[in-house]
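Reader: I would like to learn how to read pockets, cavities and helix packing in a model. Where do we start?

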Amino acid sequence: MTLRQAQDGGPSTALLTDRYELTMLDASLRDGTAERRCVFELFARRLPGGRRFGVVAGTGRLLELIRDFTFGDDELRFLRDEKVVDAATLDFLEGYRFTGSITGYREGELYFPGSPILTVEGTFAEAVVLETLALSVLNHDSAIATAAARMSVAAGERPLAEMGSRRAAESSAVAAARAAYIAGFGATSNLEAGRRWGIPTMGTAAHSWTLLHDSEEAAFRAQIEALGVETTLLVDTYDIREGVATAIRVAGTGLGGVRIDSGDLPTVAADVRAQLDDLGAAGTRITVTSDLDEFAIASLAASPVDSYGVGTSVVTGSGSPTAGMVYKLVARQDATGGWVAVAKSSTDKSSKGGRKAAFRTLDDGTATSELIAVSDGFEQLQTVASHPGARALQVTLMAAGEPDTSYEGAAGVEAARAHHARVREELPVRALALSRSDPAIPTVYVDAE
């Protein structure tokens with residue numbers, strides 16, 4: 001039984017990892033380097049898909065998962081039976097609990113190439129084993145949030161609903177709904193996301209509901225009887241024009257909305273709007289679905305559409321299903337206790353060593369650069385005074401192994417959503433274009449003072 005299970009019945013997350021993390025741990029315990037203090041950094045070398053900004057998401061989920069990262073009897077038995085590590089390492093893991101510190105960008109924050117999104121400080125033994133978990137969460141959720149933000153930009157003031165659960169694995173679907181909500185979507189079809197994270201849920205009926213009944217009219221009457229006249233009727237199971245006429249005949253001109261899930265959406269939406277107005281249903285809203293992505297949403301900007309439902313493209317990152325983040329050792333103690341900046345130098349995969357502090361420079365409220373101060377050593381970086389026009393980007397997420405619970409749960413999701421809305425206002429206009437391009441602002445490195 002894990003520590004977490006003993007407290008509240010939650011499952012261990014300790015085996016949501018790659019084997020090589022435990023083999024490195026095993027070897028470091030053998031050669032005496034396990035207790036060296038280290039700094040690991042999670043960052044992206046580049047933005048995927050030629051995008052102009054990224055959105056950090058998953059942080060609150062990660063803090064909860066790290067709390068559950070303990071090795072109970074079942075996990076230890078598996079490692080022993082599979083001969084993954086030796087007996088001494090099993091003893092170490094039996095008492096494992098992360099006791100270090102984590103700083104990073106707030107959830108909902110924007111990021112750019114090189115941004116130190118997460119900084120994990122602790123012994124090598126306790127920090128190295130978090131690599132896969134941290135990357136699994138932040139790579140997935142940030143990819144979803146970045147795609148969702150682009151869709152939100154394209155939608156403008158029109159509301160977006162996430163409805164992609166059937167296009168994702170069950171747990172990924174819940175995480176995707178959370179990330180999309182943080183980045184600007186207003187609701188989800190996923191009930192577990194609603195229960196767990198407090199996200200508003202939505203949904204009425206699918207085509208099967210209409211096909212179940214002897215006629216479209218019978219289906220509409222039954223739905224209105226169950227859900228009220230403010231419901232949204234799906235009008236494209238058969239003929240759209242006839243479906244709209246039937247919907248208004250059944251519900252009256254006070255019908256809440258109609259949904260269109262097929263056809264050439266700009267043309268169909270215009271025809272439906274004209275028909276609704278002619279029937280006296282000027283207040284009936286039009287929702288469109290049908291394989292939307294940010295480009296399709298942008299193409300509907302001039303159409304008489306009131307809201308969008310997005311499925312496959314948002315839960316799969318709209319062509320970029322991972323954010324491409326990495327987790328690298330950037331500083332460590334040497335044998336004498338002194339601090340050394342370390343970095344990988346491989347072609348196209350180089351990293352920049354040293355502990356970092358990150359700031360966003362602003363000109364009259366508009367972002368101009370991602371300013372990253374680098375220290376060769378491990379002293380507290382003091383750069384705020386040197387950059388009075390910059391906004392500090394990092395916060396303490398976990399201290400001495402204890403997470404800041406304000407970033408967790410439904411309250412944490414709402415805080416991340418509000419933070420994202422604020423910081424997106426800092427983006428320069430060129431960042432809002434959907435075409436492939438360089439990052440909207442440059443990443444600038446300076447030596448720490």
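Author: Start with the terms. Helices are DSSP runs of H or I with at least four residues, numbered from the N terminus, and a residue counts as lining a pocket if it has an atom within 4 Å of a pocket point. Keep in mind that this is a predicted model.

Reader: Which helices each supply at least two residues of the lining of the second largest pocket?

Author: The helices are H3 (59-67), H7 (131-155), H8 (170-182) and H9 (191-197). H8 gives the most, with 5 residues. The second largest pocket holds about 630 Å³ of space. Its lining has 23 residues, and those closest to the centre are Thr13, Leu16, Arg61, Leu65 and Arg196. By class, the lining of this pocket has 9 nonpolar, 6 polar and 8 charged residues.

Reader: How is such empty space found in general?

Author: Rolling a probe the size of a water molecule over the atoms shows where empty space is left. In this structure the largest pocket has about 930 Å³ of space.

Reader: Which residues lie nearest the centre of the largest pocket?

Author: Met163, Met202, Arg259, Thr289 and Gly309 do, out of 33 residues in the lining. Strands S6 (160-162), S8 (232-234), S10 (285-288) and S11 (307-310) each supply at least two residues of that lining. S11 gives the most to the largest pocket, with 4 residues. The lining of the largest pocket divides into 11 nonpolar, 15 polar and 7 charged residues.

Reader: How many cavities of 30 Å³ or more does a search of the whole structure find?

Author: The search finds 1 cavity of that kind. A cavity differs from a pocket in that the probe fits but cannot get out. The largest cavity has a volume of about 30 Å³. Arg106, Glu107, Tyr407, Gly412, Ala415 and Ala416 line the largest cavity; by class they are 3 nonpolar, 1 polar and 2 charged.

Reader: Now the helices. What describes a packed pair?

Author: Two packed helices are described by the angle between their axes and the distance between the axes. Take H8 and H16 (residues 409-424): their axes come within 8 Å and cross at roughly 40°. That angle makes H8 oblique to H16.

Reader: Which residues of H8 and H16 meet?

Author: On the H8 side they are Arg178, Tyr181 and Ile182, and on the H16 side Val413, Glu414, Ala416, Arg417 and His420. This contact of H8 with H16 divides into 4 nonpolar, 1 polar and 3 charged residues.

Reader: At what angle do H4 and H5 pack?

Author: H4 (residues 73-81) and H5 (residues 87-94) pack at about 165°, with axes 11 Å apart. H4 is therefore roughly antiparallel to H5, the cut-off for that term being over 145 degrees. The crossing of H4 and H5 is right-handed. Leu76, Leu79 and Arg80 of H4 meet Leu90, Leu93 and Glu94 of H5. By class, the contact of H4 with H5 has 4 nonpolar, no polar and 2 charged residues.

Reader: How do the axes of H2 and H5 cross?

Author: The axes of H2 (residues 19-31) and H5 come within 9 Å and cross at roughly 110°, so the two helices are roughly perpendicular to each other. H2 brings Leu22, Leu25, Asp26 and Leu29 to this contact, and H5 brings Thr89, Phe92 and Leu93. The contact of H2 with H5 has 5 nonpolar, 1 polar and 1 charged residues. Leu93 of H5 also takes part in the contact with H4.

Notes. Residues numbered from 1 in each chain as written. Predicted model: local features only at pLDDT ≥ 70, side-chain atom pairs only at ≥ 80, totals over all residues. Heavy atoms only, no water. Axes fitted to C-alpha atoms, helices over the stretch in contact; angles between N-to-C directions. Parallel < 35°, antiparallel > 145°, perpendicular 65-115°, else oblique. Left-handed = near helix turned anticlockwise from the far one by under 90°. Contact = heavy atoms within 4.5 Å. Nonpolar A, V, L, I, M, F, W, Y, C, P; charged D, E, K, R; others polar. 1 Å grid on protein atoms, 1.4 Å probe; cavity = no way out; pocket = protein on both sides within 12 Å on 5 of 7 lines; lining within 4 Å. Points joined across faces, edges and corners; volume = space filled by probe spheres on them.
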